Amino acid sequence: MGRHDRLTVHSTPGQRNSLWHWPDAKSTLRIMHNYVFVLVARIAPSLRVKNWALRRIGVTVERGVSWGLEATPDVFWPELITLREDAIVGYDATLLCHEFLQDEYRTGEVVIGERAMVGAGAIVLPGVEIGADARVAANSLVAEDVPAGATVAGVPATEQ
């Protein structure tokens, strides 16, 4: 099963693109709350503080997770992110749990496996699972699952 099979599709009515409809799914106050804790997770030097902030917005953070400076979790659906034990998310990486399209938006979980590493500047799309001990190279776009132990790189990321 691929990432697209794990996405939930939310149709949106009207002429405007789906981004105009996010307030129907999430309250403005919730997004503001999430954004404050995202900022803390992005800039705090302490891993304990980062992991605390991520948990405040619903991210599942297991023991030993390392969240890099300027890394960004999804601000709309952070509760769909799971970071397994000893996972590393590198500097300026982004984990997205949503895709806003013209007539719909899609949401999906992102799972970073035990001891998996997501490199600096990488982007992980919704519905992607990165297996245990997998490695994602810096500046890669992860649009498909990464098997356990694999190394992927590029745009889109492919196995090396």
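## Helix α2 and N34

N34 lies in helix α2, which covers residues 28-43; helices are DSSP runs of H or I of at least four residues, strands are runs of E of at least two, and both are numbered from the N terminus. This is a predicted model, in which local features need pLDDT of at least 70, side-chain atom pairs count only at pLDDT 80 or more, and totals for chains, interfaces and linings use all residues. Residues are numbered from 1 along each chain as its sequence is written, and side-chain values use heavy atoms, with hydrogens and water left out.

N34 counts as buried because its relative accessibility is 1% (buried is under 20% relative accessible area, exposed over 50%, partly exposed in between, with a 1.4 Å probe and protein chains only). Leaving out residues up to four places away in sequence, N34 touches I57, V75, F76 and P78, where contact means heavy atoms within 4.5 Å. From N34 to R56 the C-alpha distance is 8.2 Å, at a sequence separation of 22 residues.

## Overall form

The protein chain contains three helices and 17 strands. Its radius of gyration is 15 Å, close to the 15 Å from the globule rule for 160 residues, so the chain is as compact as a globular protein of that length; the radius is taken over C-alpha atoms, and the rule is 2.2 Å times the number of residues to the power 0.38. The C-alpha trace spans about 45 × 35 × 20 Å along its principal axes.

Of the 160 residues, 45% count as buried. Among contacts with a separation of 6 or more, 39% are between residues 24 or more positions apart.

## T107 in strand β9

T107 belongs to strand β9, residues 104-107, and counts as buried because its relative accessibility is 8%. The side chains of T107 and H10 are joined by a polar contact of 3.0 Å (a pair of N or O atoms within 3.5 Å; within protein, one must be able to donate a hydrogen and the other to accept it, and residues adjacent in sequence count only if both atoms are side-chain atoms). Beyond its neighbours within four places in sequence, T107 contacts several residues, including R6, L7, W77, L80 and C97.

## Backbone exceptions

Most residues other than glycine have a negative phi, and most peptide bonds are trans. D92, in the loop between β6 (88-89) and β7 (94-95), has a positive phi near 65°. D133, in the loop between β13 (129-130) and β14 (135-136), has a positive phi near 60°. D92 is partly exposed at 36% relative accessibility, and D133 is partly exposed at 32%.

The peptide bond between V155 and P156 is cis, with omega about -5°. P156 sits in the loop between β16 (151-153) and β17 (158-159).
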